[in-house]
Each structure stands twice: as structure tokens, then as C-alpha cells.
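Reader: I'd like to go through this model with you, one part at a time. Please give the cut-offs as we go.

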Amino acid sequence: MTKPQHFDAIVIGAGQGGGPLAAGLARAGWNTALVEREHVGGTCVNVGCTPTKTMVASARVAHLARRANDYGVRAGPVSVDQSVVRQRKRAIVESFRSGSRRGLERWEQLELIMGEARFAAPNEVTVELDDGATLLLSGDKIFINTGTRARVPDIPGLGSVPYLTSTSVMELAAVPQHLAVLGGGYIGLEFGQMFRRFGSDVTLIHRRKHLLPREDADVSEEVANIVRNDGLGLFLDTQAKRVSRVNGGVQIAVQGPEGDHTVAASHLLVAAGRVPNTDRLDLTAAGLETDENGFIPVNERLETRVQGVYALGDVKGGPAFTHIAYDDYRILRTNLLDGGNATTEGRYVPYTVFIDPQLGRVGLSERQAQSLGLDFHVAKMPLTRVARALEVDETRGFMKVLVDAQDGTILGCAILSIEGGEIMSLIQIAMMGGLHYTALRDATFAHPTLAESLNSLFAQLDT
């Protein structure tokens, strides 16, 4: 067998953890191979955050244009050219992707290899190149950052219809007449509201009683009210039993609280979660095992059970967010290059659901605090009491914070508001600093801003 080409480090996957890690190791003088199957940038840049939020922005413009009369602005009928939306999305993705690639190619110690990797031994990887050739690599350390892909549920008939995933739905050249969405999580809600604003009829089918099941009930219920107000049809606590093609479209047989019935649509989006890209890595050759869902277990230092092999980003399970993958990179950089002892323990996991209004979340939910037996207080305020929200006529949603009853520190928040992610980030900074809630209650914020509403929100704790 050909002698393997040896590297100090092999990084499998050029996502938001693997790309920066490979560059950081090369910058530190490590001879590094970065293997990428398809596109530099990973899920976020290519099929996740970047393209979806670009399209969300287009949908919001359409929404505001239809509301022009509310602001005293005369506007005509609104229509959406989906091909232009798609091209704008493609252009931004290509800009981000090519920029990421140029950033990697500047390092002499980094070799970017386009192909698919699989383990041959604990410290060896074979790579099937795009041209069909095969390379054998060995590395002192190997890092797995292969991410996830859309999960396709086992529903009878699904394989016989041209269903869409979160990736393929963004490539539609025309607005669907009627989009049915299977799944009421973050992905299903973002796309459902987006295409409703583009002009589609949208029906969302969710198997649980509440949308966004990880959130508190009041948050889930308010989100349901918002999307219903936007014109989405919701079937909650409803199971999809069978899918079939009918008259050029799809028909979904469902079972819910009101019994059995069917939903007919022109298009079907499957938004039923994500599965890890581990099935083609031949992990057993490295002595690695996955959990029952296919994720690679790691400890708090991102080490697998095999010495010298690490996993970072979505492939290891846990919070599937770009900023978590990037923080995984920082943990490895700190420990391997700076001699530190960074871990995943105790880190904040903020996130924003880019429905409109946004849902920004960090720290504990009310349900989580209760399950931990904590003594806490809750402050909650509707957007109808926020001056800035009234001025811009964006009053849907509410702000909610949890505060420790003993020491007055902030435990968490749920901000369902215009720019909810930005307001949540302000609260996160206070949490990171261990500030007493009165620091935000008494802060002098510029008027009139959304941040100023934190004065009134936290003042409720004094009553």
C-alpha cells in the first residue's frame, strides 16, 4: 500500500469550526490538511444561516410593502419574483463561500483537499478526490467537523413524492401555490412564514401540542398566535400518516385531535430535524462509536474515546448553532496552541429564531428553572408597552426575564420582539458580567430605543 502522506493535523470538514481550526493550526506552524467534500463554509454559509436569513430579509420587505397603508404610504399590489430572491441568495452565498476559501488558501502550512474522507485507522484517513483518485493521509491529530443534513422521516409514500428539504426549497424558481410543511421547529417556522410572505398558502403540520417544544408554553403559544395572524394554517398534535401524489401535487393523510383528514398542497417541505453526517466516515476503523442518533460523543474538551481524535460542531450532538461550532474551535485552539484548559462546561448557548418578530433566547427558561428547583422571579412585558415598538408599529410579542430571588442575578430571558436577538444579546452581556438586575433597571439607555424598554421590564420586579 502507498505510504500515507503525513500531517500534524487532519481536519475533516470546512465548516464554521473546522475551517477556522485548520487556519489557526496552520498559522501556528502545524502542517495541516483540511478535507472538504463539497463547499468551504459548511452548513451555515452554504445551506443554513447565510442563505435563509438572506431570504428572510426579502420576505420581510414583501411583508412591509403589503403593510404600507398602515404607515400612510400608498403602494400598489405586491408580488415576489422568486428567481430574483434566489439569485440574491446565491450571490451572497458565493461571496461568503469564496471569501472563506481565500482566507484558508493564504496559509502555506494548510493544504485544502476537495474530496470525501473516511477513516482507515485511528490516525489514518482515505480521501476519495473529486476526480476519482484516492489519497491516504495520516495525522497526529484528527478533527471531525462533518456537520448534519436534513432528516427524512419514515412516512409511507414520502419517497414517491418530490418533497423539499431546507436545502432544496431555497432553489425554487417560483413561489409555490400551497406549501405544506412537516415540522413546527425553528426551520419549519422560518420557512413557513417566509413563503407565506412570498405569497404562498402555507399549512404547517406539527406532531407535538406546541410549536418550538423546547420553549416555555407561553412563548410557544404566542408564536402560534403570530404565525396564525400571518395567515399560516396550523395543525398541532397532528401526525402525518401517509403521503401521495395527486394531480401534480401532494396529499398528506394526517391524524390529529379532530380525527383523520387530508391536506392537499402543491409542494411539501420536510422540516423534521437534522441527522449527523457520520454514516460514511467508517468510524469503526478508527475505534469510534456513535450514540443512538448517530452523533459522536465527546467530553468537555471535545475529545472522543480515541486518543488524538476530536469532534466539533453539530456532528458531536448538543446545541446545533454556528456560534457553538466556532466556540468549539476556540476551545481547541486554547488547549492545543495556548496551553489552556478550556471546556464546554457552563458556556452560554444563546440563539435567535428568525421568525418575525424574532425570538432571542439565552440562559434558563422558566420550565428549566422550575425543574432545577430554583427560587426565582419572572418579569414579563408585552411589546404594546414599548415606546419604540409602538412608533414603528411592531407590537407583536413580549419580553420575559428570570431573576434569581436570592442574589438578583439574571438567569435567562426570552425576547419575542422586533430585533429580539439584539435585545437578548444585551441581557446576555449583563449575565456574563454577573450584574444585579437593577443595573439594567437603572441604566440610562438612549431614547427612544428598544434597549430602553429594559428599564421598564426589570422595574416590574420591584412591584
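**A walk through the model**

Reader: Which residues of α4 are buried?
Author: Here buried means under 20% relative accessible area, exposed means over 50%, and partly exposed lies in between (1.4 Å probe, protein chains only). In α4 the buried residues are Gln82, Val85, Arg86, Lys89, Val93, Arg97 and Leu104.

Reader: What kind of model is this, and what pLDDT do local features and side-chain atom pairs need?
Author: Residues count from 1 along each chain as its sequence is written, and side-chain values use heavy atoms, with hydrogens and water left out. This is a predicted model, in which totals for chains, interfaces and linings use all residues, while local features need pLDDT of at least 70 and side-chain atom pairs count only at pLDDT 80 or more.

Reader: How far apart are the end C-alpha atoms of helix α4?
Author: The expected span of a helix is 1.5 Å times one less than its number of residues. For the 24 residues of α4 (82-105) that gives 34 Å, and the model agrees, because its end C-alpha atoms are separated by 34 Å.

Reader: Which elements do the buried residues of α4 pack against?
Author: Contact is taken as heavy atoms within 4.5 Å. The partners of these buried residues are α1 (18-27), β2 (32-36), α2 (42-47), α3 (49-66), β3 (110-121) and α5 (186-198).

Reader: Let's follow α5, then. How many of its 13 residues are buried?
Author: The buried set includes Phe191, Met194 and Phe198. Just after α5, Gly199 has a positive phi of about 125°. The helix is largely enclosed by the rest of the structure, because the buried count among its 13 residues is ten.

Reader: Which residues touch the most other members of the largest nonpolar core?
Author: A nonpolar core is a set of buried Ala, Val, Leu, Ile, Met, Phe, Trp, Tyr and Cys residues joined through side-chain atoms within 4.5 Å. In soluble globular proteins, nonpolar side chains tend to be buried together. In this core of 38 residues, the ones that touch the most other members are Val169, Leu189, Met194, Phe195, Leu211 and Val223.

Reader: Which elements give two or more residues to this core?
Author: Met194 touches Thr52, Met55, Val56 and Ala59, leaving out residues up to four places away in sequence. The elements you ask about are α3, β7 (178-182), α5, β8 (201-205), α6 (217-229), β16 (351-353) and β20 (410-417).

Reader: Which residues is Arg367 in contact with, leaving aside neighbours within four places in sequence?
Author: Arg367 belongs to helix α8 (366-371) and counts as partly exposed, because its relative accessibility is 42%. The contacts of Arg367 are Pro213, Arg214, Glu215 and Asp216.

Reader: Is Asn277 buried or exposed?
Author: Asn277 sits in the loop between β14 (274-276) and β15 (309-311). A polar contact (N or O atoms within 3.5 Å, one able to donate a hydrogen and the other to accept it, with residues adjacent in sequence counted only if both atoms are side-chain atoms) of 2.8 Å joins its side chain to that of Arg149. At 10% relative accessibility, Asn277 counts as buried.

Reader: What is omega at the cis peptide bond between His447 and Pro448?
Author: Most residues other than glycine have a negative phi, and most peptide bonds are trans. Another cis bond joins Asp356 and Pro357, with omega about 5°. Pro448 lies in the loop between α11 (438-441) and α12 (453-459), and omega between His447 and Pro448 is about -5°.

Reader: What relative accessible area does Leu302 have?
Author: Asn247, in the loop between β10 (239-246) and β11 (249-256), has a positive phi of about 50° and is exposed at 83%. Leu302 also has a positive phi, near 70°, and lies in the loop between β14 and β15. Leu302 is buried, with a relative accessible area of 0%.

Technical notes:
Helix = DSSP H or I, 4+ residues; strand = E, 2+ residues; numbered from the N terminus.
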